[in-house]
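Time to jot down what I look up, one topic at a time.

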Amino acid sequence: MNAFSFRRCTFMLFIAYLIWSSQIDTCNARRRGKHWRQKRAAATSASLYKKKIKSSQHHNNAGKSNPQVPSPKSPSPTLPPPLPPPPLAPKKDIPPSPPKKGYSSRPSTVFNVLGFGAEGDGKSDDTKAFQAAWAAACKVEASTIMVPSKFTFLVGPISFSGPYCQPNIVFQLDGTILAPTSSQAWGSGILQWLEFTKLRGITVRGTGTIDGRGSIWWQDSQYDDPIDNESKLIVPLNSTVEENPPIPGGSGSVQGVLFSNIQVSEVQLPIIIDQYYCDKSECKNQTSAVALSGITYEKIRGTYTVKPVHLACSDSLPCVDVGLTDIELKPQQEQYHMYDAFCWQTFGELNTPTVPPIDCLHIGKPSSNRIQNDHDLC
């Protein structure tokens with residue numbers, strides 16, 4: 001009886017243990033199933049998220065390059081923004097290197113007479129240096145022949161002439177040019193000193209001085225009194241006076257000439273146009289002449305010894321468009337007689353009052369004016 005009860009009790013305990021064990025396994029299975037379902041759901045969500053991102057990139061940004069979306073499992077660390085590049089140093093204007101000595105990429109346009117052997121001491125003859133400088137400047141268009149300041153140049157009779165010179169040459173006179181006083185320097189039959197002829201667009205300018213030193217000649221020689229007659233020479237250079245002054249003739253034209261800002265001192269005829277001029281001992285009478293037009297005188301000041309203005313133009317070709325502006329010339333009594341302004345066949349305009357009054361200029365233009373061809377320009 002006792003044995004039976006013990007066996008029965010043992011059997012009941014065994015049955016209870018089995019029931020209890022099955023409940024534990026069932027609970028663990030449920031728990032494991034729950035965890036598995038959570039992991040599976042998370043994996044499914046991540047897969048669907050990636051597909052959605054890829055699909056959105058494909059539809060919305062087709063053909064564009066976009067940065068990759070980091071995986072939710074391992075997000076990329078946030079990097080700091082890149083530093084801005086350092087500011088560039090400002091570029092400095094580096095001057096071009098000077099040309100090597102004796103070499104130039106283009107021909108010079110300024111020809112200084114000092115560079116051609118001129119001394120500039122007022123005693124040495126610088127005529128050849130001026131001729132050489134002019135010959136060089138003549139070959140270059142719009143060149144400048146430079147006569148520098150603070151120098152005095154003794155220059156004999158010289159012709160700055162074309163007709164093969166390039167146009168628009170500038171004669172920059174800032175120094176002093178002296179005329180020779182020796183008769184040997186002039187030779188025989190030379191009546192001009194500084195001559196500019198057969199040029200196109202010549203400009204003579206500067207702050208310098210042209211000193212003809214005429215007083216020396218006046219003291220050495222006693223000239224006849226000048227004759228103020230429109231049919232005779234004004235200041236004869238010898239004792240013979242022509243009763244009928246010749247017309248030198250010629251052809252071509254001189255146009256667009258400006259004389260501006262000039263100071264004169266003790267000049268016989270400061271403003272002069274003389275188509276009855278003869279540079280020889282005898283000239284044949286001719287009816288042809290050079291046509292003159294567009295000749296302007298402005299800001300001419302100083303003193304004169306014979307006549308302030310002498311404008312003697314041709315009967316066949318009167319001077320036209322002659323302009324006078326701001327003229328102030330005062331007489332300085334010498335051994336000569338004083339005369340009023342003289343005009344002959346000269347037409348133009350008085351733009352301002354003049355000293356002395358110049359009443360002889362014909363205002364306007366002549367009734368008939370024939371201009372010749374300008375194949376011989378000055």
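**Ground rules.** I'm working with a predicted model, where local features need pLDDT of at least 70, side-chain atom pairs count only at pLDDT 80 or more, and totals for chains, interfaces and linings use all residues. Residues are numbered from 1 along each chain as its sequence is written, and side-chain values use heavy atoms, with hydrogens and water left out.

**Confidence.** I looked up pLDDT, the predictor's confidence in each residue, from 0 to 100. The protein chain has a mean of 75, with 59% of its residues at 70 or more. Among its elements, helix H1 (residues 2–60) has the lowest mean, 55, while strand S4 (residues 152–154) has the highest, 98. I note that helices (H or I, at least four residues) and strands (E, at least two) are DSSP runs, numbered from the N terminus.

**Salt bridges.** How many did a search of the whole structure find? I got 2 salt bridges, each being a side-chain nitrogen of Lys or Arg within 4 Å of a carboxyl oxygen of Asp or Glu. One joins Arg301 and Asp326 at 2.6 Å, N to O. Arg301 sits in strand S13 (residues 291–304) and Asp326 in strand S15 (residues 319–331), so this pair ties together parts that are 25 residues apart in sequence. Arg301 is partly exposed at 28% relative accessibility, and Asp326 is partly exposed at 25%. For these words, buried is under 20% relative accessible area, exposed is over 50%, and partly exposed is in between (1.4 Å probe, protein chains only). Glu328 and Lys330 form a salt bridge too, at 4.0 Å, N to O. Glu328 is partly exposed at 31%, and Lys330 is partly exposed at 46%.

**Ser253.** I found Ser253 in strand S11 (residues 253–267). Is Ser253 buried or exposed? Ser253 is buried, with a relative accessible area of 0%.

**Gly208.** Gly208 is in the loop between strand S9 (203–205) and strand S10 (209–211), and is partly exposed at 30%. Leaving out residues up to four places away in sequence, Gly208 touches Leu173, Asp174 and Gly175. Gly208 and Val147 are 61 residues apart in sequence, yet 8.4 Å apart in space, C-alpha to C-alpha.

How values were computed. Contact means heavy atoms within 4.5 Å.
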